[in-house]
Amino acid sequence: MKINPSNLKLFYWIMLLVLVSACSPISGGENITASIASSASLPEGFERAAEGRPLQFPDDFGPHPEYQTEWWYYTGNLKTESGRQFGYQLTFFRRALVPQQAKAERSSSWAADQVYMAHFALSDIESDEHFSFERFSRGAAGLAGAATGPYEVWLEDWRVGERDAGIYSLYARQDDIVLDLILKDAKGPILHGDSGYSQKGVSPGNASYYYSQTRLISSGDVQVADEVFEVAGSSWKDHEYSTSALSSGQVGWDWSSIQLNDGFDLMVFQIRRVDGSIDPYSSGTFVAPDGKTHHLGENDFEIRVNENWRSPDTGAV
């Protein structure tokens, strides 16, 4: 199916409510700042996403330890048969401590050259409650890791694993909050940028390899305290890996994934510059119900900030 950009204009101008993460003064006049490593401070020995390469599945579902940073990012919207709604996030981050060729032989099963972090969050819309948790562990002694054949990523008992081709189990428990789902891929991997090569800056290495599974049909159980809810809905997976993504003058990005009721999906990210302007390497992907894609450049969409949220604890916007 050929997607005509002129027919998609309505979707590109979707009004998005963005919680802006740029720096803002807090009480007392102090500023909150953040920095992201660019090509000027690159670690040596790691591979960079300097050019496009074919992504191969199922191999590329798994880890890429030759690159320093990688994440597997699951989000979804679920509801019960009676209409009670839940939203969730389960994300795994991998960070290499040393390049693969610099690994030292060590006899301890606790010795690690990778560290993992994971985020787990659940929103209960009816009760107006949001639960969020995080964990850190070493990629050793079975505590955390990622694998291919079959695909799996985990941190302790938080995990996602392949059960069969295109079918995955997702599980996370923290205290009395539990998420236990089966995900079935309806579209297959969706490649962003140039066949999975997502350029983020002017230099060739300031890029990542990036694909999504944008329509994961989801079913299972959500537990909140002593209540267990049978749920169904749709999830989205992002998987991205690189060593350096941003260039000098770029300070971060705002990312959105949208699943529309007619089967179309939309991913857009907007890169912010230190002067507050939007970087021309901002881009997105429009995905048809049959999985065909249309790449979006900076001028094909607009994200408008309708409202800002201020933290009652720090005053940050």
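Student: In which loop is Lys200 found?
Tutor: This is a predicted model. In it, Lys200 belongs to the loop that runs between β11 (197–199) and β12 (207–224).

Student: Is Lys200 buried or exposed there?
Tutor: Lys200 is buried, because its relative accessibility is 2% and the cut-off for buried is under 20%.

Student: With which side chain does the side chain of Lys200 make a polar contact?
Tutor: The partner is the side chain of Glu240, at 2.8 Å.

Student: Which other residues is Lys200 in contact with, leaving aside neighbours within four places in sequence?
Tutor: The list includes Asn206, Ala207 and Ser208. Also among them are Leu246, Phe269, Ile271, Asp279 and Tyr281.

Student: Let us turn to β12. How many of its residues are buried?
Tutor: In β12, 14 of the 18 residues are buried, and the strand is thus described as mostly covered.

Student: In which sense do β9 and β12 pair, and over how many bridges?
Tutor: Strand β9 (residues 177–185) pairs with β12 in the antiparallel sense, over nine bridges. Within that pairing, Asp180 has Asp221 of β12 as its bridge partner.

Student: How many bridges join β10 to β12?
Tutor: Strand β10 (residues 190–191) is joined to β12 by two bridges, and the two strands run antiparallel. The residue of β12 that partners Leu191 is Tyr211.

Student: And over how many bridges do β11 and β12 pair?
Tutor: They pair over three bridges, in the antiparallel sense. Here Tyr197 stands opposite Tyr209 of β12.

Student: What about β12 and β13: over how many bridges do they pair?
Tutor: β12 pairs with strand β13 (residues 227–242) over 14 bridges, again in the antiparallel sense.

Student: A change of topic: in what order do the four strands of the open sheet come?
Tutor: The order is β14-β15-β16-β17, with antiparallel pairing. β14 (250–259) and β17 (293–296) stand at the edges with a single partner strand each, so one side of each has no neighbour in the sheet. On average, neighbouring strands of this sheet are turned by 10 degrees against each other, direction ignored.

Student: Which residue of β17 is the bridge partner of Thr285?
Tutor: The partner in β17 is His295. Strand β16 (residues 283–287) and β17 pair over four bridges in the antiparallel sense.

Definitions and conventions: Residues numbered from 1 in each chain as written. Predicted model: local features only at pLDDT ≥ 70, side-chain atom pairs only at ≥ 80, totals over all residues. Heavy atoms only, no water. Buried < 20%, exposed > 50% of the residue type's maximum accessible area, 1.4 Å probe, protein only. Polar contact = N/O pair within 3.5 Å; in protein donor to acceptor, adjacent residues only side chain to side chain. Contact = heavy atoms within 4.5 Å. Pairing = 2+ DSSP bridges. Axes fitted to C-alpha atoms, helices over the stretch in contact; angles between N-to-C directions.
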